[in-house]
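Visitor: I have a protein model open and would like to learn how to read it. Could you walk me through a few features?

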Amino acid sequence: MWKTLLPAIFLLCTTTVFSQNNKLGSSDPDAKVILDKVSATFKTYNTVTANFTLTITNSGNKVEGSKSGVVYMKGSKYRVNISGQEIYSDGDNIWTYDKSANEVQLTKFDASSNTITPQKMFTDFYDKDFLYKLNGEKKEGGKLIQEIELTPIDKTKPFFKVLVYVDKATSSIVSSKVFEKNGNHYIYKVTSMKTNTSLPDSLFVFDTKKYPKAEIIDLR
């Protein structure tokens with residue numbers, strides 16, 4: 001199950017060849033104002049360190065598993081650590097390390113191919129890929145949270161709906177819930193976030209010296 005977990009973090013930022021000029025309807029302008037503000041706010045950060053939890057529930061709303069992790073972002077660079085797996089990208093290369101197999105897959109980062117990155121979760125992932133609407137606001141833990149529902153334009157996606165929850169005061173995404181067609185729900189929640197802290201470039205490169213026995217599969 002957890003082999004496919006990390007890609008689920010990035011479900012929001014998979015891209016399609018469709019545009020908003022389609023026959024499926026139009027998006028809610030109120031929701032766009034909120035999402036645009038989230039994107040603009042994120043772009044002001046030089047670096048981001050976000051701790052998160054990722055939980056899977058089945059169609060009966062029973063928890064199948066839960067793990068925590070951390071994502072680091074700096075410009076186009078990123079690193080994701082979650083139990084059993086790590087992903088590094090220095091903006092040119094991507095290292096995906098599977099701890100159980102002690103194996104690293106090395107691929108080339110291609111910005112022109114709309115490669116999935118954590119940064120896209122917080123910026124312009126929504127305009128070409130989804131129809132969206134504002135469902136309303138609610139109080140949670142003293143915060144006013146706005147719920148936005150996104151529907152993928154590409155109906156071949158393995159999920160049919162995403163709920164994104166935005167802290168109205170900070171214009172930041174605090175959690176999201178992905179509804180898969182098989183009945184599973186992926187719940188991604190940001191538990192803490194630090195911005196504009198010092199993150200060395202070395203943080204975003206897989207250090208072979210720390211894993212001398214790891215098998216590196218170069219797919220570039």
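Guide: Gladly! This is a predicted model. Let's begin with burial: a residue is called buried if its relative accessible area is under 20%, and exposed if that is over 50%. By that rule, Y97 and F206 are both buried.

Visitor: Which residues form one aromatic cluster?

Guide: Y88, Y97, F206 and Y211 do. Within it, Y97 and Y211 make a tilted pair, 4.7 Å centre to centre with 55° between the planes. Y211 has 22% relative accessibility, so it counts as partly exposed.

Visitor: Now for a helix. Which residues of α2 are buried?

Guide: They are A31, I34, L35, V38, S39, T41 and F42. Looking down the axis of α2, the buried residues fall within an arc of 165°, so they line one face of the helix. On the other side, P29, D30 and V33 are exposed.

Visitor: What do the buried residues of α2 pack against?

Guide: They pack against several strands, including β1, β2 and β7. At the N-terminal end, D28 caps α2, with a side-chain oxygen 3.0 Å from the backbone nitrogen of D30.

Notes. Residues are numbered from 1 along each chain as its sequence is written. This is a predicted model: local features need pLDDT of at least 70, side-chain atom pairs count only at pLDDT 80 or more; totals for chains, interfaces and linings use all residues. Side-chain values use heavy atoms; hydrogens and water are left out. Buried means under 20% relative accessible area, exposed over 50%, partly exposed in between (1.4 Å probe, protein chains only). Helices (H or I, at least four residues) and strands (E, at least two) are DSSP runs, numbered from the N terminus. The arc is that of the directions from the helix axis to the C-beta atoms. Contact means heavy atoms within 4.5 Å. A polar contact is a pair of N or O atoms within 3.5 Å; within protein, one must be able to donate a hydrogen and the other to accept it, and residues adjacent in sequence count only if both atoms are side-chain atoms. Rings of Phe, Tyr and Trp (its six-membered ring) pair if their centres lie within 6.5 Å; planes under 30 degrees apart count as stacked, over 60 as edge-to-face and the rest as tilted.
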